[in-house]
Amino acid sequence: MCARAAGPKNAQPSGGPMTEATKTLVIVESPTKAQTLRRFLGPDYVVASSVGHVRDLPANASEIPPKLKGEAWARLGVNVEKDFEPLYVVQPEKRKTIADLRKKLESAGRLLLATDEDREGEAISWHLLELLKPKVPVRRMVFHEITKPAILKAISETREVDDDLVDAQETRRIIDRLYGYEVSPILWKKIAPRLSAGRVQSIAILMLVERERARMRFRAAEYHDLAALLRTAPGPVFEARLATLGGARIATGNDFDPDTGSLKNGGAVVLGPEEAAALAAEIRGGPLRILSNEEKPFVRRPAPPFTTSTLQQEGSRQFRFTGRRTMKAAQRLYETGYITYMRTDSTALSAEAISLTRDAIRRTYGPEYLPESPRFYRTSVKNAQEAHEAIRPAGDRVAPIAEVAAKLGGDEARVYELIWKRTLACQMKDAVGRRRTVRAGATLAGDREAVFVANGNSIDFPGFLRAYVEGSDDPEAALAERETILPPVAEGDTVTADEVRPEAHRTVPPPRLTEATLVKALEESGIGRPSTYASIIDTIERREYTFRKSTALVPTFTAFAVVSLMEQHFATLIDPGFTAKMEDRLDAIARGEMERLPYLREFYFGDGIPGLRKILDRKIADIDARQVCSFPVGTDEMGREAVVRVGRFGTYVQRGEATAPLPPDSCPDEVDLRVVSALLEEAERTQQPLGIDPETQQPIYLKRGRFGPYVQLGNAVKGSRKKPKMVSLLATMDPSAVDLPTALRLLSLPRSLGIDPEGREVLACTGRYGPYVKRGEENASLRTGDDVLTIELPRAIELFALKGKRGRRAKGAEPLRVFPAVEALGGADVKLLEGRYGPYVTDGKVNATLPKGSDPAALTVEQAVDLLKARAEKGPAKRPPRRRAR
């Protein structure tokens, strides 16, 4: 453990006496990366891994050194009164790693720090220097692809650790710590425990909430138009739509104000259903004259090669991958030498890469798809600090897709195919085609004219579209869909309206943000960096600020409460412009154009403007917790106001004195007076008993709690610690179909099935992870087709026998999945196993059960790591009492 003293960070020995050792120690941060480098470097090099970061600010009070526990600033891990000196501690799981690296360094004559080339990688190298304190020459080695030529070139072009990049990383880490540790406790006090605030995550939540607010304000509008099938004299037909009537434009969805449902202006005609039907009848079967036939050429240019954010967006659009899943695949592709560094906001390609790409285009698609001169792309980001080149296939050749599929398969093959196609497409010729617009008019009664418009397009040369179409994994099929061929017609020709049908339309609310569109919005606003987007979205899901509905990210009312509090009391901290300027300052520090200390002082203490500390001190007493956590739904016909409230134990609806829990997967824009009434009526019904238990003569209720519906025997006694017996409904049960006999059968659990051959009583039970049978300390989960209410002793004994073959305690049980050499857990293998309480993951030291409802087949290594770390933070597991339904 150590606190960094003020002064220059880069204390690297530039020379010094060489030991007898001649080997060079190369340290990377990834075991997979280390394994790849060993293939390229000879016996004079020893390649080792730090397995990610080796030091950080303390994660909890237990990591603070005893001598500092009494210091007021130690909670932050940053001494704001002493030039923002950070307190760095070696992570417990990294102590053995550091000891191993020190031992290897003792027999080395030189040290090469070969961590990633971004700010995080630069910081890891600096922390290694601080901890290892090498007495041999040290150099920094950087590369953006793991191929033999790139590695050998990097060894010949080493440099020192870049203090400016380290300063930028450390400044960002300190700002994020101050923001999170100072603002989050306010959320705990005013809204609910276990919430968190963050410099970037708060803006992401704001964007989701603002879109949901727009949906809540939305008022639908209905309008009509006509679609016609027009037949030419030779016979071909084409579809056209009514565009104008009597010279006035027919209204479309864009003509309506989404907040009022009214026309934005009076320039368009809104057809009603009767008028549309009458027009259709008048035009059907009659002649129309071709008024114009216009054709214009178009040119479409390819998109730039992938950056981190655009790769995540396309992974989400095409494969519905989360950002973490896309980046996990990209990480492995990089570490195995198939692509360049995957954390970048640069769209540039090196001259060598362009040459290799052009050769691949010539071989794959032919010389006709190759432009005369290469394309060059300029990065739109002011400081593309993560790497100097876009994501592309690595090496001295463009590896075929089939090779990667055969070697790595799975997600890696799919992501590589995306990168391969996008890279080739960015250096191919433009797509060239023609767009046609045909206008046909019908003369109506009263000399009015109804004008129909048909649009078509044809692609004369597909160019880059042969290789890649955004949002499509089949370019050929996408090309066919893009063409709409209209029959040849000339101005003055007559066509016949074979069919005319009125069509009704309703405007739709703005779509919710998906992971792809949220990443795009953050990037366009200049907020966050490519390496942070996946973790930000993961955090806001884990903190239950959002949940997924298909691909959409739906904000919860907890997110609404956080945004409401921040907007009313800390508007500066949730202002996207303010946050974007912070990113600019960090970029300036990375470029060496700004010092870190003046900026940290300005951010925290304020220099002519209120700093974070002043804002928090001034505002916290003014926050009305009930007000920021309340969201009016409306007033019913009896004048009663309905409100959604976020409480410390969940979200609920209230009307007068009546309350009812709001299901956690409720979409805010769908919670209206009807929904509130239904919830309150259901809650009122739960106050009426299903009947009386014949054994105890106590009432039995059907209720709904945070964890779903349950039955309850008797009433809670005020002042008594004893709670009524509660049993959750089985997953297959419909609450509306639960009657007294069903409730009695549930309340009979756990029920005795009898005595097994060894004299042990066997019970049928239900618990947190579903129904199971129990004898002594041994449990066995029920299988598909088993019913806990009807299962008998022979089947229970059979389940115990089956459990012995595949259960948690079965010796040599086969894991469902294995994640080998997980860096974040010190290189340990992580196994997914079937256990007595359901599937769980283990690294050999810590076990963590998967959340209820999780799909084990969809588990990612990142989710497994998060589960294990969260379990480890809680300390040794304690055997809980039998969980009661609530």
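Rings of Phe, Tyr and Trp count as a pair if their centres lie within 6.5 Å. In this predicted model, such ring pairs link Phe 84, Tyr 604 and Phe 605 into a cluster. The structure holds 14 aromatic pairs.

**Two ring pairs**

Phe 557 and Phe 560 make a tilted pair. The two residues are three apart in helix H16, which spans residues 557–569, so about one helical turn separates them. Phe 557 is buried, at 6% relative accessible area. Phe 560 is also buried, at 3%.

Tyr 604 is buried, with a relative accessibility of 3%. Phe 605 is partly exposed, at 28%.

| Aromatic pair | Geometry | Centre to centre | Angle between planes |
|---|---|---|---|
| Phe 557 and Phe 560 | tilted | 5.6 Å | 45° |

**Helix H18**

Tyr 604 also belongs to helix H18, residues 596–604. Its buried residues are Arg 596, Leu 597, Tyr 599, Leu 600, Phe 603 and Tyr 604. Why do they lie on the same side of H18? They cover an arc of only 160° around the axis, and therefore share that side. Just after H18 comes Gly 606, with a positive phi of about 90°.

**Charges over rings**

Arg 435 places its charged end over the ring of Phe 298, 4.1 Å from the ring centre.

Notes. Residues are numbered from 1 along each chain as its sequence is written. This is a predicted model: local features need pLDDT of at least 70, side-chain atom pairs count only at pLDDT 80 or more; totals for chains, interfaces and linings use all residues. Side-chain values use heavy atoms; hydrogens and water are left out. Buried means under 20% relative accessible area, exposed over 50%, partly exposed in between (1.4 Å probe, protein chains only). Helices (H or I, at least four residues) and strands (E, at least two) are DSSP runs, numbered from the N terminus. The arc is that of the directions from the helix axis to the C-beta atoms. Rings of Phe, Tyr and Trp (its six-membered ring) pair if their centres lie within 6.5 Å; planes under 30 degrees apart count as stacked, over 60 as edge-to-face and the rest as tilted. A charge sits over a ring if NZ of Lys or CZ of Arg is within 6 Å of the ring centre and within 35 degrees of the ring normal.
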